[in-house]
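Please find below a note on the structure for your study. It is written as numbered points, to be read beside the sequence and the coordinates.

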Amino acid sequence: MSRIQLALNVDDLDTSIAFYSALFGTEPAKTRPGYANFAVAEPPLKLVLIENPGHGGSLNHLGVEVPDTDAVDSEQRRLTAAGLASFDERDTTCCYAKQDKFWVEGTPHGEQWEVYTVLADADVMACEPTAGDGCCA
C-alpha cells in the first residue's frame, strides 16, 4: 500500500493527538514520549507528530481530496458532529482548479486543512479569500 507521510512539529502532543484523532476518525497507531503516528486508512496517510515546542504549525495549508461533492458534504457533517467548525467554500477557484470545499477551523496550532473535490480545471490561480488565507498564501 502506498501512502503519503506527513511529519508535523507540534507544540503540545496531547492537544494535537486529540485534534487529529477527531479529524481522521482514528486513534494513533503508535505513541512514544514526544511522538505519535497515525496510519490513516482513508485517505491513505502516515501522519507523524513530533513534539517540538515553539515550532508547531509552520505549513501553508494541507488538504484531503475526496472524489465528489457528496463526500465533501459527508466529511463536513462528520467533523461538525465531532465539534470541529468549518468555513464553507463552494464553486470556488483556487490553485488552478474549480472546487467545492470547506476549511477546518480551530486546529491546535493554526494549520490550514481543507477538504475538497475538484470540479474542473481552471486556467488561473484565482485565489479567493479563505477562512485563514490558506489557499495559495
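This is a predicted model: local features need pLDDT of at least 70, side-chain atom pairs count only at pLDDT 80 or more; totals for chains, interfaces and linings use all residues.

1. Arg 32 stands opposite Tyr 35 in E3. The loop between strand E2 (30-32) and strand E3 (35-40) contains Pro 33.

2. Is Pro 33 buried or exposed? Its relative accessibility is 83%, and exposed means over 50%, so Pro 33 counts as exposed. Pro 33 and Leu 13 are separated by 20 residues in sequence, and their C-alpha atoms are 9.0 Å apart in space.

3. A further open sheet of four strands has the order E5-E8-E7-E6, again with mixed pairing. Strand E5 (62-65) and strand E6 (86-94) stand at its edges; each has a single partner strand, so one side of each is left without a neighbour in the sheet. Neighbouring strands here are turned by 25 degrees against each other on average, direction ignored.

4. E6 pairs with strand E7 (residues 97-104) in the antiparallel sense, over seven bridges. Ser 86 has Val 104 in E7 as its bridge partner. Helix H2 (residues 69-81) packs on the sheet and touches E6, E7 and E8, with a direction that makes about 10 degrees with that of E7.

5. Which strands does helix H1 (residues 13-24) lie across? In the sheet of point 4, H1 lies across E5, E7 and strand E8 (113-121), running at about 35 degrees to E8.

6. Gln 99 lies in strand E7. Its relative accessibility is 5%, and buried means under 20%, so Gln 99 counts as buried. The side chains of Gln 99 and Lys 101 are joined by a polar contact of 3.0 Å. Leaving aside residues up to four places away in sequence, Gln 99 touches several others, among them Glu 89, Arg 90, Cys 94, Tyr 116 and Leu 119.

Terms used: Residues are numbered from 1 along each chain as its sequence is written. Side-chain values use heavy atoms; hydrogens and water are left out. Two strands pair if DSSP finds at least two bridges between them. Helices (H or I, at least four residues) and strands (E, at least two) are DSSP runs, numbered from the N terminus. Axes are lines fitted to C-alpha atoms, for helices over the stretch in contact, and angles run from 0 to 180 degrees between N-to-C directions. Contact means heavy atoms within 4.5 Å. Buried means under 20% relative accessible area, exposed over 50%, partly exposed in between (1.4 Å probe, protein chains only). A polar contact is a pair of N or O atoms within 3.5 Å; within protein, one must be able to donate a hydrogen and the other to accept it, and residues adjacent in sequence count only if both atoms are side-chain atoms.
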